[in-house]
Amino acid sequence: MKRTLARIVLFAERAIPRALPPISVLLLFLSAAWFGLFRVVPAWLHATSLFVFAAAFILLLIPLLRLRIPDVTAADRMLEERNALPHQAIRVQDDRPATGGTFALALWQEHQTRMARMVGTLEAGLPKPDIARSDRFGLRAIPVLIACLAFAYSYSNRAGLVSDIFHPPQPASTQPDMRIDAWVTPPAYTGRAPLFLTGQPEAEQTGAEQAGVAGRDVLRIPQFSELTVRVTSGGTDMPVTYLENGAAQPLLIAAQAVKPSGAEKTSAQAGARETAGQGSATHLMKITKDGMLSVGGQQWTFAVIPDAVPDIAFDGLPRATVNAALEIGFQAKDDYGLDEAWAEIIPLDKQAAGARPLYPLPEYRLDLPKRNAREAKGLTSRNLSEHPLSGKRVRVTLVARDAAGQEGRSVPQDMILPARPFFEPLAGAVAEQRQVFALDANELPRALDLNDALTARPDETIPNLTHFLLLQSARTRMALSRNDDMLRDAAGHLWEIALGIEGGDMALADKRLRDAQQKLSEALERNAPDAEISKLMQELREAMQDYMEALARQAAKNPQMAANPDRNNVLRQQDLEKMMNQIENLAKSGAKDQARQMLSEMQRMMNNLQAGRMQQQQGQENSEMRKQMDKLGELMQQQQQLMDETFRHDQALRDRLQMGDPLQGEDNELFGQEMPDMPGQQPGEDGQQGQSPLDNMTAEELKQALKDMQARQDQLGKQLGELQKGLEGMGIKPGKGFGEAGREMKGAAGALGEGEGEQAVGSQGRALQALRDGAQDMMQQMQSQGQGPGQGQGVPQYGQNGRDPLGRRQQNAGPEFGDQVKVPDEIDTQRAREILEEIRRRLGTNASPEAERQYLERLLDIR
């Protein structure tokens, strides 16, 4: 067994050096096949290379075939040498002693036994071919390296195959090479993959593609898709045509640049042509209508999927916030996604001929929740109070644009653009000067006259010397302005003066904060680099720090706010710093939409701080407003009491007449007919228990008492007139309800003067209802102007579940109803209104018994 193994090892040692040459030839052959040599060489070289490789392989294989298997003697000699056996331990087992004799034979057998024990532990080992002796320069590594590279290259697209040896290349055709590549690329905003018309096996194409390639079906593609046709030919131009549905002539996409004319100037007009070499051209066109493409005998029919125009509408009426910002809620949608949206604001007041405004129309960008959203609903707040159009009537139209450039517009809304309220008369006058020539630079002389009038008696109108000097410098700037840029600089200077007079450092810090927020918002919108974002964030932090310091100084000057701060609405500097850090981190991480959303929420939170600051400024105005509301409440209460007294006196008078107590000089025919008993009332009873002062009065005294009430009714009418004048002085137009109430009060007074209680009660009831309608109209006007009790005191719900972006629960001035309160819908509201109107109608008819009347009064909370 060990001899056989040794013979195999000896054979391997002799065969390996002789096998290297044929193996190297085989590796070189495989490398040539994998590199694609047999695919690209001419036929004669293809055959020659195969013959050379085959001949070399056979010639180098002959030495290996001549090799013989080693004999036993050689195997024994190898085992003895490798195991270092002395005295030929293996071959001694087959030898015989040369001399005979018993002693000699016994001695030889003992020697064989000892050598046999040594042979039992022999090892043949592994082959040691000693290749270095036959390949001193290591050339054997070259074919191996080449084969490894070729094997790795064999997985590429241009690699060859071993089977290429059986497919010699065909001779080149004399016909010109022709290749057509066509595909349709839908717009990127559709999210659809390109559609390849050629270059794919029919079995690999989808059903729609196969039908389109064969011309038997229609390919549906989005509108504004780009069609690309690349034609490669041997020097001849191939016409490429696109026939639009309904077109009189096919649209030719020529291989040479041509000027479009006639039918070629359509929405399916060919684009630019790219030349890739002689006889090669690329044709581009944008498909906007149905049509058919024809190239080299192949046809494809396209049906365009229309791209709908975006739809946008107001979500509620645009309104002014407490800090004079314009807040617009909107809803928008598009079939592929919205690219941007904005509000178009144009003035309604007719400008003079040749008017020269210094500023363009205000820009109002709507904050979309995310880019390319198919549906968007949001609320945007922008402060446009610095624009000269603030306080003027404007028309607001929402505009949405998709990625294709199509624009959709909403139904316009007319309103007064919110203006910053100036509680200092001097500041308001300065702002008016700026507005005069900012809207029309031709009105500069009028603005100069206003400035002169304002500074005519500075000791009375301008107590602060600094303000006087600033106004003088502003006038000098206006007078020396020679172009629009200088006028805009003067207008900006006047606005800063007005802000300084109104709020000092607070107003200027507020302006710097808004400017910093606007710059950051614009940078996030255009995907600015991180370095720019970091710089703008630092500017925002500095502006925020200045604003908070100014706010703290103003709060310290207000003892009431300092003594009773609203701890639920306190924003700490750490909270704002944390929020700004989150905005910067989101922007740098690529989440620009979330960063813009958080910035918008922070702007609204700062508006809430401004609302608290403006409460002090609005205190005087709101105090006057509350006084007018209190007067109206007292007037309605007095009118109700007078109506009750009139009703009771009239009932008592009728009871006296029924009991036969006629008036002096009159009879019961004064009332036209005998009074019937009231429902649920016994004859002779007035529905009241116990004695009343009216029970001891005669009919004549009762009628005189009715006449005496005329003066009280006239006094209520005068109070109503004074109330209307007070409301007009505050900018609130009295509604129709107050006018109707005045007429009914006048009629009630006339009826009381004639002693006709029934007619007077009817007029008083209608006057009371008209007062309620007028009060409701007054409250609506106050709310639209941002006035009235509670305006600006509540905190808007920015976050979810009534929490702000900092995770804190919002606190409102009103009662807390929890999260399960159901808001009544329109049907419930209408039903409640009908019930209230029926209750008021019954109270005004005077046909209900006293018990029912008291019940109805308790329902209305009048008693």
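Tutor: Happy to! Let's begin with α10 and α12, which are roughly antiparallel to each other, because their angle of about 160° is over 145. Please keep in mind that this is a predicted model. Helix α10 covers residues 444-454, and the axes of α10 and α12 lie 10 Å apart. As α10 passes α12, the crossing is left-handed.

Now turn to the side chains. From α10, the contact takes in L444, A447, L448, N451, D452 and L454, while α12 brings L471, Q472, R475, M478 and A479. Sorted by class, the contact of α10 with α12 has seven nonpolar, two polar and two charged residues.

Two names from that contact deserve a zoom: D452 and R475 form a salt bridge, with their closest N and O atoms 2.5 Å apart. This pair joins distant parts of the chain, since D452 sits in helix α10 and R475 in helix α12, 23 residues apart. As for solvent, D452 is partly exposed, with a relative accessible area of 31%, and R475 is also partly exposed, at 26%.

Next, follow α12 to its other partner here. Helix α12 (residues 465-480) packs with helix α13 (residues 484-503) at an angle of about 165°, their axes 9 Å apart. That angle makes α12 roughly antiparallel to α13. Here, too, the crossing of α12 past α13 is left-handed. On the α12 side, the contact is made by H467, L470, L471, S473, A474, R477, M478 and L480; on the α13 side, by M486, D489, A490, H493, L494, I497 and I501. These residues divide into 10 nonpolar, three polar and two charged.

E577 counts as partly exposed at 26% relative accessibility, whereas R541 is buried, with a relative accessible area of 14%. Another salt bridge links the side chains of R365 and D367 at 3.1 Å, and both of those residues are buried. Finally, E340, R401 and E407 are linked in a network of salt bridges.

Definitions and conventions
Residues numbered from 1 in each chain as written. Predicted model: local features only at pLDDT ≥ 70, side-chain atom pairs only at ≥ 80, totals over all residues. Heavy atoms only, no water. Axes fitted to C-alpha atoms, helices over the stretch in contact; angles between N-to-C directions. Helix = DSSP H or I, 4+ residues; strand = E, 2+ residues; numbered from the N terminus. Parallel < 35°, antiparallel > 145°, perpendicular 65-115°, else oblique. Left-handed = near helix turned anticlockwise from the far one by under 90°. Contact = heavy atoms within 4.5 Å. Nonpolar A, V, L, I, M, F, W, Y, C, P; charged D, E, K, R; others polar. Salt bridge = Lys/Arg side-chain N within 4 Å of Asp/Glu carboxyl O. Buried < 20%, exposed > 50% of the residue type's maximum accessible area, 1.4 Å probe, protein only.
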